Amino acid sequence: MTETIKAIIIDDEERARRLLSTTLTDHCSEIEVLAQCENVPEGVLAINRLKPDVVFLDIEMPEYTGFELLDFFREVDFEIIFVTAYSEYAIQAFEVSAIDYILKPIRIDKLETAVERLKSKLSSTTMFDRLETLKTNLASDYIEKIAVPVSDGLIFIKVNEISYIEADGSYAKLQLINGSNMLISKNLKFFKDLLKNQNHFYRVHRSHLLNMHTIQKYNRHESLVILENGTKIKVARDHKSSFETALKDLHSDS
Amino acid sequence: MDSMNQVIFNQTDSTFFANWAYTIVDDTNFNPDEKRQLIEWFIIRTTDLNQEESYAHFRFRKSIQKTIEGNYKEALEIIDEILPIAKRYHSLIEPGCYNSAGGMIALQGEPELGIIYLKKAIELTPTYHLPQSKIDRALVNHYTTLGNIYSNDTQLDSAEKYVRKSYMMAKQIGIYGTKERCFGVINLGKLFYLKNEIDSSIAYCKKGLQETQIRHYEDLKCFALMRIADGFSKLGKYDSSFHYYHLALDKVKKHKLQRLHVNILYKLAHLHKKLERYEKSTIYFEEYSKLNQEQHKLNKTATSNHLINRTKEQEKTQAKLELHQIKVEEQLKRQQLQIGILTLLALVIILGLFLYFWYQRKELTQQLREQKIEKELIASQIRAVNSQMNPHFVFNALNSVQDLIIQKDIRNSNIYLGKFAELMRKTLEYSQVDTISLHKELETTELYLELEKLRFGDDFEYTINNLLSKEDSDEIMIPSLLLQPYTENAIKHGLLHKKGSKNLKIEVKRQDSIILLSIEDNGIGRQKSTEINSRRKNKPSSFAMQANENRLELIKESSGLDIHLNIEDLTEPTGTKIVLKIPS
């Protein structure tokens with residue numbers, strides 16, 4: 001018999017609470033719903049009393065939103081799975097912040113996957129940082145910070161600290177300005193979409209997404225970009241002219 | 001005198017020079033010849049120094065000398081020359097000129113004109129801002145001359161009046177009025193003579209002679225001597241008379257006082273004739289007529305000619321000037337007219353261009369504006385659709401339906417899913433049109449509220465109270481999806497945050513020609529809602545109120561339908577009441 005996962009549901013709509021609770025009971029037997037709360041303060045009391053492993057948290061609620069739950073805790077030692085009717089844009093912010101979520105109306109299979117992920121979950125010690133990252137990203141017009149999973153947990157990186165991202169099959173190698181790098185199980189397309197509103201990131205080559213702020217020199221004849229750390233990156237021939245325009249625009253902007 | 005010449009021509013300081021020169025000329029230590037010389041020098045020097053005013057002064061002095069000499073022509077010419085200068089500098093010479101000219105004109109047989117000139121001089125003199133003594137001296141002179149004119153014209157009363165006046169005034173002036181006083185005494189003597197009071201006449205003239213004794217008033221001396229002789233002649237004391245005549249004759253010859261010379265010769269001739277000394281009389285007559293003719297020819301013709309010429313010339317010049325002025329005025333008028341026409345033309349053209357561009361611009365702006373309004377209207381309509389189909393509502397509603405499914409409430413699952421589909425369908429349909437009937441709008445709103453009630457459960461109550469007739473509801477057209485954003489607002493910002501019973505009341509009624517559409521909630525109120533929203537920094541902004549008001553503006557601009565919005569904050573219980581006033 002697997003270990004029970006203690007859960008609390010916080011949602012202002014009774015019907016939504018009942019739906020989630022029923023679905024979890026019927027399809028995710030390892031979850032035990034300890035309490036259902038209709039607002040954040042009630043939820044805080046329940047969490048403190050019942051010490052759950054996971055909180056299913058609605059976002060749009062009267063008075064306090066789901067995000068404001070964070071303000072009631074100095075440390076968060078439970079997982080949070082947001083249950084939201086949010087739009088696509090917000091979903092991206094969840095993903096890069098390594099915050100799990102399920103969308104309303106609830107799909108049973110998605111819920112099961114979320115619970116599966118929960119079981120193999122990385123330590124919830126980073127929950128606080130992940131929530132902070134989420135809040136930062138939601139408050140901004142574009143993604144500012146991303147939570148990158150590494151072997152022993154998560155690293156939070158400001159996108160402006162990235163020098164370039166190199167494709168490596170279905171993985172991506174993040175090269176940071178400080179010299180370190182990391183392999184992430186997301187493809188380059190993911191990052192390209194992520195950073196599409198930040199025009200100083202430019203895909204110079206099929207395999208390279210480049211932070212143009214870190215360019216030290218551009219050799220036009222050889223179509224070669226030399227970065228501050230000495231790395232040389234080739235600019236694809238068919239990207240050359242648009243890259244040059246982008247480079248010019250960037251410098252005229254700043 | 002030569003050293004004097006040196007001094008005069010070495011003077012370069014013009015102001016100093018002028019004052020100094022006046023003093024020198026007035027100095028009684030110089031005899032008439034010397035004075036004549038001095039005046040000539042000063043005239044030259046003032047010309048050199050370009051001192052017009054002083055020049056005029058000395059020219060005037062010269063004119064007086066010429067008058068005494070009997071050369072009226074030159075004297076008048078000089079006056080002619082300097083009168084404009086005197087006028088320009090507002091100099092005391094101006095009345096002086098009138099005096100001098102008046103005296104001469106009177107002697108030329110026009111006493112009336114002379115009197116007019118003198119009166120003008122008298123009138124003018126006190127207007128100068130000069131020391132009183134100077135003014136008084138000038139007045140004394142004028143009175144004297146006027147008195148003389150009257151006496152020569154045998155208007156003895158007036159003559160006495162002015163002669164006495166001048167004498168009294170001269171006495172008051174003191175030292176500077178000495179010459180005038182002397183002249184006054186002699187003139188009084190003359191007056192007594194004319195009045196046949198010969199003893200008094202002789203006494204006054206002797207007194208005058210005595211007073212002039214120590215001074216170089218040679219003309220006065222001659223004058224006095226002649227008058228004494230006249231008196232003695234009248235008294236029959238011919239020896240004394242001849243004595244004085246000859247004394248006078250010597251002096252006038254010496255000092256070239258031509259006028260008196262002629263007078264004395266005439267008198268001597270007559271006296272000799274009276275005494276039947278025809279030989280002597282003839283000699284004097286010949287001498288007289290020669291000198292007189294000389295002088296007379298020179299003066300009478302010249303002066304009268306001069307006067308006539310002057311008048312004619314003045315008239316001519318005046319006429320010329322007037323003609324010129326008329327011409328100039330006409331030209332000016334023509335020019336003004338031309339300028340006026342041109343200016344008007346230019347203005348019309350500018351105005352035309354301005355209007356043309358303004359109109360074009362206006363048309364263009366109007367087009368742009370219309371396009372912009374249309375665009376914004378579409379945008380606002382889209383926002384209305386968005387609010388009806390906003391993901392939060394849509395997915396939460398679906399979530400509620402899903403709950404019905406999970407709860408195995410098949411009937412309600414079916415009904416609510418159908419209602420949801422109907423709402424979506426209508427929203428899509430109405431978003432394609434500008435206006436829908438009030439009835440349809442209320443129908444859609446009710447559908448929306450039913451689905452919201454499914455979400456919020458029993459706490460949420462709504463009523464839609466339509467007090468309009470069915471015909472009205474069907475006929476009155478309102479902008480599509482007008483109500484939706486306000487209804488959503490009431491739920492989202494008012495009722496959602498409220499614990500316990502949540503009531504929404506929609507009422508439609510008619511007030512005269514206006515349809516009143518009210519949406520009332522018992523939510524937390526606008527102020528508290530704003531507080532909550534401002535605290536939620538991370539919350540994506542969805543406050544649609546501003547957008548709604550913009551839409552009303554746009555509707556007004558595009559269709560002229562002026563929908564008035566009134567928001568009322570309710571207290572006890574709290575809440576918000578929105579009233580839309582729609583003209584029908």
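Below is a working chat about a predicted model with chains A and B.

Biologist: What should I know about the model before we start?
Modeller: It is predicted: local features need pLDDT of at least 70, side-chain atom pairs count only at pLDDT 80 or more, and totals for chains, interfaces and linings use all residues. Residues are numbered from 1 along each chain as its sequence is written, chains are lettered from A and ligands numbered from 1 in the order in which they are written, and side-chain values use heavy atoms, with hydrogens and water left out.

Biologist: OK, the interface. How many residues of chain B are in contact with chain A?
Modeller: 24 residues of chain B, against 24 residues of chain A. Contact means heavy atoms within 4.5 Å.

Biologist: And how much area do the two chains bury between them?
Modeller: About 2,400 Å², with 51% of it on carbon and sulfur atoms. That is the accessible area (1.4 Å probe) lost when the two parts are put together, summed over both.

Biologist: How many salt bridges across it?
Modeller: The rule finds 4 between chain B and chain A. It asks for a side-chain nitrogen of Lys or Arg within 4 Å of a carboxyl oxygen of Asp or Glu.

Biologist: Which residue does A:Glu13 pair with?
Modeller: B:Arg455. The closest N and O atoms of that salt bridge are 2.6 Å apart.

Biologist: Which helices of chain B supply at least two residues each to that side?
Modeller: Helix 16 (391-406), helix 18 (438-456) and helix 21 (526-535). Helices here are DSSP runs (H or I, at least four residues), numbered from the N terminus.

Biologist: Which one gives the most?
Modeller: Helix 16 of chain B, with 11 residues.

Biologist: New topic. How is chain B divided into domains?
Modeller: Into domain 1 (216-306) and domain 2 (384-583). The bounds come from an automatic or database domain assignment. Over C-alpha atoms, the centres of these domains of chain B are 134 Å apart.

Biologist: Where does B:Thr154 lie?
Modeller: In the loop between helix 8 (132-152) and helix 9 (156-173) of chain B.

Biologist: Buried or exposed?
Modeller: B:Thr154 is exposed, at 60% relative accessible area. Exposed is over 50%, buried is under 20%, and partly exposed is in between (1.4 Å probe, protein chains only).

Biologist: How far is B:Thr154 from B:Tyr245 in space?
Modeller: 23 Å, C-alpha to C-alpha. In sequence, B:Thr154 and B:Tyr245 are 91 residues apart.

Biologist: Last one, chain A. How many helices and strands?
Modeller: 7 helices and 15 strands. Strands are DSSP runs too (E, at least two residues). Of the 254 residues of chain A, 52% count as buried.
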